[in-house]
Amino acid sequence: MKQYWVIDGHCDSILNYVEGKRSLLTPDEGGHWDIYRAKQGGVVLQFMAGYIEGEFKPERGTLRGLELVHALRSFVLAHPEDLFLIKGKEDVKQLSTAKIGVLLSVEGGEILGQSLFLLDIIFELGVRALGLTWNQRNAIGDGIGEKTQSKLTQFGEKVIQRMNELGMLIDVSHLNEAGFWHVLDLSTQPIIASHSCAYALCPHSRNLTDEQLKALAAKGGVVGVNFYPQFLTTASQASLVDVVRHIQHIAQVAGVEVIGLGSDFDGIEQVPTGLDGADKYPALAHALERAGFTDEEIEKIMYKNFMRILTDVLK
């Protein structure tokens with residue numbers, strides 16, 4: 001069977017590294033993602049997210065966020081034989097199976113506090129994607145946990161404008177729906193929902209409606225399909241089949257060009273049967289083949305759509 005390249009739009013593995021639980025080198029220490037399994041699975045680029053935990057928010061969000069960014073950089077720079085930082089579109093052109101490109105992301109605008117200056121700082125440190133919110137409200141806008149219809153704040157509007165100017169990926173996973181539409185109106189660049197699924201198949205607030213998926217596609221954006229069972233199905237356990245089902249639905253509603261992968265590995269307590277680690281991506285590709293997707297379509301889903309938006313947005 002053909003081995004497909006993979007770009008994964010979201011994992012939370014760096015927290016294990018920061019806490020000293022895992023080196024992220026081999027499967028021996030558990031978890032879902034490590035360099036060995038990522039290479040086995042064909043991963044050529046991994047978005048690695050620094051998730052700012054609840055106990056640090058809001059007062060210590062900037063400090064914790066900078067600690068996580070430092071850890072991400074340190075992890076990549078400590079393994080130059082296996083990893084390299086993705087900072088611009090020229091780096092994207094260097095993707096290969098020899099080394100894994102790592103794109104630094106921060107999950108939660110709390111890292112900025114209320115300072116636009118900090119956006120420039122994290123950009124200079126190598127961060128190229130920012131999840132505007134987690135589930136709660138911050139200075140940018142409201143997360144889906146707030147259950148409001150509030151748009152972005154004036155500060156949030158300035159963040160979008162500056163991210164467009166810098167060439168940073170705007171990530172709307174976890175943002176409330178009103179904020180989602182506000183971002184689409186404001187951004188001059190395509191945006192991503194790095195780890196979300198289809199609301200029509202699983203009515204969880206973290207998932208995107210068909211209207212949102214269509215709008216994301218029309219903007220040239222990408223949704224990274226999440227592997228978390230609670231976002232995939234209302235049943236007690238999910239499988240590889242459920243991931244394919246969401247991909248099929250999104251393709252039917254909004255087109256193949258909007259679909260990517262956003263595993264959420266090491267940020268989820270459960271995984272779908274058959275997708276328990278980064279080495280299992282070939283099984284997903286094979287399942288897509290069985291579902292009738294063409295080779296060209298599978299390439300788009302597995303990596304080309306994310307590659308396109310990276311080339312469009314990064315400088």
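Predicted model: local features only at pLDDT ≥ 70, side-chain atom pairs only at ≥ 80, totals over all residues.
## Asn164 in helix α6

Asn164 belongs to helix α6, which spans residues 154-166. With a relative accessible area of 11%, Asn164 falls under the 20% limit and is therefore buried.

The side chain of Asn164 comes to 2.9 Å from the backbone nitrogen of Thr188. Leaving aside residues up to four places away in sequence, Asn164 touches Ile170, Leu186, Ser187, Thr188, Gln189 and Lys315.

## Packing of α5 with α6

Helix α5, residues 116-124, packs with α6 at an angle of about 30°, and the two axes lie 10 Å apart. Because angles under 35 degrees count as roughly parallel, α5 is roughly parallel to α6. The crossing in which α5 passes α6 is right-handed.

On the α5 side, the contact is formed by Leu116, Leu119, Asp120 and Phe123, which meet Phe155, Lys158, Val159, Arg162, Met163 and Leu166 of α6. Sorted by class, this contact of α5 with α6 holds 7 nonpolar and 3 charged residues, with no polar ones.

## Packing of α8 with α10

Helix α8 (residues 210-218) and helix α10 (residues 240-254) have axes 9 Å apart and pack at an angle of about 65°, an arrangement that makes α8 roughly perpendicular to α10. Here, too, the crossing is described by its hand: α8 passes α10 in a right-handed crossing.

Asp210, Leu213, Lys214 and Ala217 of α8 make the contact together with His249, Ile250, Val253 and Ala254 of α10. By class, the residues of this contact of α8 with α10 comprise 5 nonpolar, 1 polar and 2 charged.

Terms used. Residues numbered from 1 in each chain as written. Heavy atoms only, no water. Helix = DSSP H or I, 4+ residues; strand = E, 2+ residues; numbered from the N terminus. Buried < 20%, exposed > 50% of the residue type's maximum accessible area, 1.4 Å probe, protein only. Polar contact = N/O pair within 3.5 Å; in protein donor to acceptor, adjacent residues only side chain to side chain. Contact = heavy atoms within 4.5 Å. Axes fitted to C-alpha atoms, helices over the stretch in contact; angles between N-to-C directions. Parallel < 35°, antiparallel > 145°, perpendicular 65-115°, else oblique. Left-handed = near helix turned anticlockwise from the far one by under 90°. Nonpolar A, V, L, I, M, F, W, Y, C, P; charged D, E, K, R; others polar.
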